[in-house]
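We will then walk through some of its helices and loops together.

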Amino acid sequence: MPALPTTASGSGGSAPQVHHDTVAARTVFVAPERAERPDDADLAGAGRAAGSTTPRDWCPFCVGNESRTPPAVLRAPRDEALPWQARIVPNLFPFTVNTALPAAALPTAGPPHQPLTAASRRPAHGVHDVVIESAAHESSVLAVPPAAWREVWELVRRRLEELAGRADLAWAMVFKNSGPRAGASLAHLHSQLVALDFTPPVIATELAAAATTPAPFTRLLEEARTGGRVVAERGGLVALVPPAPRQPFETWILPQGPRTFFHEAPAADVAALADLTQWFVARLGRLAPEADYNWWLHQPPFRVPSGQAAPDTADWHWHLEILPRLAHFAGFELGTGCHVTTVSPADSARMLRDT
Ligand SMILES: [Zn+2]
Ligand SMILES: [Zn+2]
């Protein structure tokens with residue numbers, strides 16, 4: 001990306017702010033300092049200039065370079081006498097500000113679950129972590145041994161559990177950008193974890209839809225079974241192609257039965273999620289070699305501002321949405337919120353099963 005002007009000076013400071021547009025019902029984090037974050041090419045170039053030859057010389061996520069990130073908030077294994085396999089660190093270029101002393105409560109302005117509309121901008125309070133998923137300089141989740149990959153997901157679960165306990169946070173998500181088309185700037189295997197003090201619009205929309213549909217996730221699962229869109233099952237989890245996938249092979253992974261929060265998932269489900277994500281990436285690699293993808297974990301808010309009714313989550317299932325990035329989102333997608341895809345959901349599911 002070309003160098004962009006930033007608003008880091010002369011506009012009242014550069015701490016991240018969250019802006020809300022009431023006409024577009026859109027929320028934007030304005031974080032000028034993120035323009036300074038380096039990508040692999042910047043880091044490798046600086047490394048070469050200093051005489052280095054391997055990523056381990058310059059990559060901030062490689063083992064041995066722990067001083068280039070803030071100290072870990074969690075690591076696996078827990079025993080610090082053992083070498084780490086995965087670690088969670090605060091993002092050096094966050095789009096939220098994690099204040100040292102959590103505020104006592106959530107902001108209360110605005111309609112239920114979206115406490116932003118009354119104030120068009122305010123400080124972006126929250127947590128923005130990086131989950132470094134391998135000590136070695138690997139870029140594919142398939143390079144991590146299955147047992148170690150399960151430990152990564154358990155580490156994420158523990159961090160989400162910690163954040164759900166904070167009175168100043170409403171909601172949290174882990175997400176992965178794998179490959180440049182999916183928005184990754186560093187190749188070394190990692191995900192990001194965010195926690196916010198409000199419920200973001202996509203989740204508010206899912207909650208509103210769920211409130212008008214009896215047993216929405218039970219129905220989603222039943223229709224996937226009758227429609228031939230279940231692609232894999234492990235333990236208590238199901239991987240399915242959703243009814244309106246945005247891209248070929250879009251897949252969601254969720255528990256068979258109602259389970260609101262991933263951080264409350266039993267160990268067997270955490271392990272099954274790890275296994276299914278590796279299974280999916282292997283299948284996607286066969287169907288569309290080198291395909292980039294995103295995934296993100298959806299769950300409802302774990303806290304709403306005082307005075308607001310908690311959403312009805314009786315039939316909520318946390319779910320991981322995995323979106324291959326095979327086609328660009330272009331004018332129609334950006335202008336309407338609708339998508340065009342070239343492969344039917346049932347065909348996507350059949351190819352994922354049979355490949
Ligand atoms: Zn690395
Ligand atoms: Zn969702």
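Are helices H6 and H8 roughly parallel or roughly perpendicular to each other? Keep in mind that this is a predicted model. The axes of H6, residues 267-287, and H8, residues 345-354, come within 9 Å and cross at roughly 100°. Angles of 65 to 115 degrees count as roughly perpendicular, so H6 and H8 are roughly perpendicular to each other.

From H6 come Trp-279, Phe-280, Arg-283 and Leu-287, and they meet Met-351, Leu-352, Arg-353 and Asp-354 of H8. Sorted by class, the contact of H6 with H8 holds five nonpolar residues, three charged ones and no polar ones.

## Helices with a buried side

Now go to helix H1, which spans residues 40-49. Its buried residues are Asp-40, Leu-43, Ala-44 and Gly-47. Looking down the axis of H1, you would find these buried residues within an arc of 95°, so they line one face of the helix. What do they pack against? The partner is helix H2, residues 55-58. On the face of H1 turned away from the buried side sit the exposed residues Ala-41 and Ala-49.

Both ends of H1 have a detail to find. At its start, a side-chain oxygen of Asp-39 reaches to within 3.1 Å of the backbone nitrogen of Ala-41. Just after H1 comes Gly-51, with a positive phi of about 90°. Gly-51 belongs to the loop between H1 and H2, and it is exposed, with a relative accessible area of 57%.

Helix H4, residues 201-211, can be read in a similar way. Ile-203, Ala-204, Glu-206, Leu-207 and Ala-210 are its buried residues. Around the axis they cover an arc of only 160°, which puts them on the same side of H4. Covering these buried residues are, among others, strand E7, helix H5, strand E12 (293-298) and strand E13 (319-324). The exposed residues Val-202 and Thr-205 are carried by the face of H4 turned away from the buried side.

## From H4 to H5

The loop between H4 and H5 contains Ala-215. Its phi is positive, at about 45°, although Ala-215 is not a glycine. With 36% relative accessibility, Ala-215 counts as partly exposed.

Helix H5 itself covers residues 216-226 and includes Thr-218. Thr-218 counts as partly exposed too, at 30% relative accessibility. Which residues does Thr-218 touch, leaving aside those up to four places away in sequence? They are Asp-315 and His-317. His-317 is 99 residues from Thr-218 along the chain, and their C-alpha atoms are separated by 8.8 Å.

## Buried residues and their polar contacts

His-20 has its place in strand E1, residues 17-21. Is His-20 buried or exposed? A relative accessible area of 10% makes His-20 buried. Arg-166 is found in the loop between helix H3 (146-164) and strand E7 (171-178). Arg-166 is buried as well, with a relative accessible area of 17%. The table shows what these two side chains reach.

| Side chain | Partner | Distance |
|---|---|---|
| His-20 | side chain of Thr-27 | 2.9 Å |
| Arg-166 | side chain of Asp-168 | 2.8 Å |

## Two backbone details in loops

Where in the chain is Phe-249? Look in the loop between strand E10 (237-240) and strand E11 (251-255). Phe-249 has a positive phi of about 75°, although it is not a glycine. Phe-249 is buried, with a relative accessible area of 7%.

Finally, find the peptide bond between Ala-76 and Pro-77. This bond is cis, with an omega of about -5°. Pro-77 lies in the loop between strand E3 (74-76) and strand E4 (86-90).

Terms used:
Residues numbered from 1 in each chain as written. Chains lettered and ligands numbered in written order. Predicted model: local features only at pLDDT ≥ 70, side-chain atom pairs only at ≥ 80, totals over all residues. Heavy atoms only, no water. Axes fitted to C-alpha atoms, helices over the stretch in contact; angles between N-to-C directions. Helix = DSSP H or I, 4+ residues; strand = E, 2+ residues; numbered from the N terminus. Parallel < 35°, antiparallel > 145°, perpendicular 65-115°, else oblique. Contact = heavy atoms within 4.5 Å. Nonpolar A, V, L, I, M, F, W, Y, C, P; charged D, E, K, R; others polar. Buried < 20%, exposed > 50% of the residue type's maximum accessible area, 1.4 Å probe, protein only. Arc of directions from axis to C-beta. Polar contact = N/O pair within 3.5 Å; in protein donor to acceptor, adjacent residues only side chain to side chain.
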